[in-house]
Amino acid sequence: MNILVVCTGNTCRSPMAEGILKDLGAKNNLDIKVKSVGIMAFDGDNASNNAVIVLKNISINIEGHRASLVRKDLVDEADIILTMTNSHKNNLIRKFPNARIKTFLYNEYAYGKYTDISDPFGGNLNTYKIARDEIYKASQAIVKKLVKN
């Protein structure tokens, strides 16, 4: 199964989610491939330092992450697309209408809740930790759902 995670710049939330989903997927013997992209990413940007630090604190390494702009081929190959906000979801579906049936908010897929995951960009380490923990908890629910299927 191919999972695509989408945020704005692909330097904070989506790389954290990618790293967490890969880690939880491996721990649960799931056959998943996870990639992350941004709606307005600059190809090649590094993950935010604070995102790297808060994931390193839970033994997940995203130092090698490089941002990617969302592309049609990545959307087409994804089985599930998970967005951090409703704005990302709407933007993606507007640009790639065929993605509508497989695109969900992160919290929507995890819990059936139509709530955004707030952007820690520019915030301090604690702001990133809060975002990481929210993403981690939702990722656990997503992986649990995938294990059942």
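**Rings.** I looked for aromatic pairs to begin with, and this predicted model holds one. Next I checked for charges over rings. Lys145 has its charged end over the ring of Tyr109, 4.3 Å from the centre. I also noted Lys113, which lies over the face of Tyr111 at 5.4 Å from the ring centre.

**Sheet.** I traced four strands in an open sheet, ordered β2-β1-β3-β4, with parallel pairing. At the edges I found β2 (33-38) and β4 (103-105), each pairing on one side only. Ignoring direction, neighbouring strands are turned by 25° against each other on average. Then I went to β3 and β4, which run parallel and are joined by three bridges. Here Leu82 stands opposite Phe104 in β4. Helix α4 (residues 86-95) packs on the sheet and touches β1, β3 and β4; I read about 165° between the direction of α4 and that of β4.

**Cores.** Which residues have the most contacts inside the largest nonpolar core? My list came out as Ile3, Val5, Met16, Leu21, Leu82, Tyr106 and Ile142, in a core of 33 residues. Elements giving two or more residues to this core include β1 (2-7), α1 (13-27) and β3 (80-83). Helix α6 gives the most, with eight residues.

I stayed with Tyr106 for a moment. Leaving out residues up to four places away in sequence, Tyr106 touches, among others, Val5, Leu21, Leu82 and Ile142. Ile117, Ile135 and Ala138 are also among the residues Tyr106 touches.

Last, I noted a second, separate core of twelve residues, with Val37, Leu74, Ala78 and Phe96 among them.

How values were computed
Residues numbered from 1 in each chain as written. Predicted model: local features only at pLDDT ≥ 70, side-chain atom pairs only at ≥ 80, totals over all residues. Heavy atoms only, no water. Core = buried A, V, L, I, M, F, W, Y, C linked by side-chain atoms within 4.5 Å. Buried < 20%, exposed > 50% of the residue type's maximum accessible area, 1.4 Å probe, protein only. Contact = heavy atoms within 4.5 Å. Phe/Tyr/Trp six-rings, centres within 6.5 Å; stacked < 30°, edge-to-face > 60°. Lys NZ or Arg CZ within 6 Å of the ring centre and 35° of its normal. Pairing = 2+ DSSP bridges. Axes fitted to C-alpha atoms, helices over the stretch in contact; angles between N-to-C directions.
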